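Hi everyone, thanks for coming.

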Amino acid sequence: MTLQILDREKNKLYSDGNFWELSRKEENDCFYGVSFVSSIKFIEENLLPFYQDIELILGLSDNGNNSIGQRMQELMDKRVSWVNYVENNLESEFAKRILDGSLRLRFTKDKLIHSKVYLMENKEQNTYQCFTGSMNLTETAVLKNFEQLIWDYGSKNDDLYQLYKQMYDDIKKSSATYLDSKRLKGFLVKDNSKQTQLNVYTDSINMLSNSADTDEKVNFPSDEVKVYLNDTTKEIQNGNLGKKEAVTVNQTIKLFTELGNLRKEKTLKKATSEILNLNQIIEYQENSKKSSKKKSDVDYFPKPALI
């Protein structure tokens, strides 16, 4: 490991620090985190067994040239994949915790969230720990990268705790709900995966906005959408985009005008089912490719191929 953790209370530097060992030195009920990225597997293995209440704000965006495309992928497609995981693994701890409300996921509403803040609390003892620095909530960041964190802890009555809480709350104001109990229960339809996906797309489309001032909506500035569509449609015509990227562009075209403005409600409602069908066609093609691959002897093990 190459994680440097500065214990500011003791003026001590852990030059090869173990985040989990130090953060779990004291028992905590709550984990409130801000990370640019994370994953279901990481959350299931490293957070759910140790904290009763978890709220994560994920960056899920990039302010580079492809910012609009990345936001669209995260909101329209990755969100569906996370719901699909729950639908297919209802007995998993991840599904149970989302559904009972003790795990909540939020994401970038407007400005890029690149902060890393991990605030842990023990409600009974009225204590806290807080880590801030460069580390994301990923296996690579925790175990392999060269990262640094500053570690503070003490009573929740301390002024420093109040500042950390304010820092977290300010970031939370710049985020929107990605997945929580209320939304997930509204998405899931028993024995009807297609309707579940349609519900996710409908909700995601309702979250689109050309304005940064709306709560629980994601800002897609019209000028940025216009530039994105101009650039990417040319790339499609020149054959420079992969299938998944092209799908993202087509979704954006269905939802926004050439000027980058969100289309009228009636058009958006029609676009929802079109986007679902578009993605199911791509999914079917991908699955067909996998199943049509020529099998080798190994695929038939332990039954030899020549029998």
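This is a predicted model: local features need pLDDT of at least 70, side-chain atom pairs count only at pLDDT 80 or more; totals for chains, interfaces and linings use all residues.

Residues are numbered from 1 along each chain as its sequence is written, and side-chain values use heavy atoms, with hydrogens and water left out.

Let's start with strand β3, residues 30–35. Strands here are DSSP runs of E with at least two residues, helices are runs of H or I with at least four, and both are numbered from the N terminus. 6 of the 6 residues in β3 are buried, so the strand is largely enclosed by the rest of the structure. Buried means under 20% relative accessible area, with a 1.4 Å probe and protein chains only. C30, Y32 and V34 point one way, and F31, G33 and S35 the other. In a regular strand the side chains alternate between the two faces of the sheet.

What does β3 pair with? On the parallel side, 6 bridges join β3 to β4, residues 53–58, with C30 opposite D53. Running antiparallel, β6 (residues 117–122) is joined to β3 by 5 bridges, and Y32 has L119 as its partner there. Pairing takes at least two DSSP bridges between the strands.

Now the lysine: K109 sits in the loop between β5 and β6. K109 is buried, at 9% relative accessible area. A polar atom of its side chain is 3.1 Å from the backbone oxygen of K173.

Note on methods: Buried means under 20% relative accessible area, exposed over 50%, partly exposed in between (1.4 Å probe, protein chains only). A polar contact is a pair of N or O atoms within 3.5 Å; within protein, one must be able to donate a hydrogen and the other to accept it, and residues adjacent in sequence count only if both atoms are side-chain atoms.
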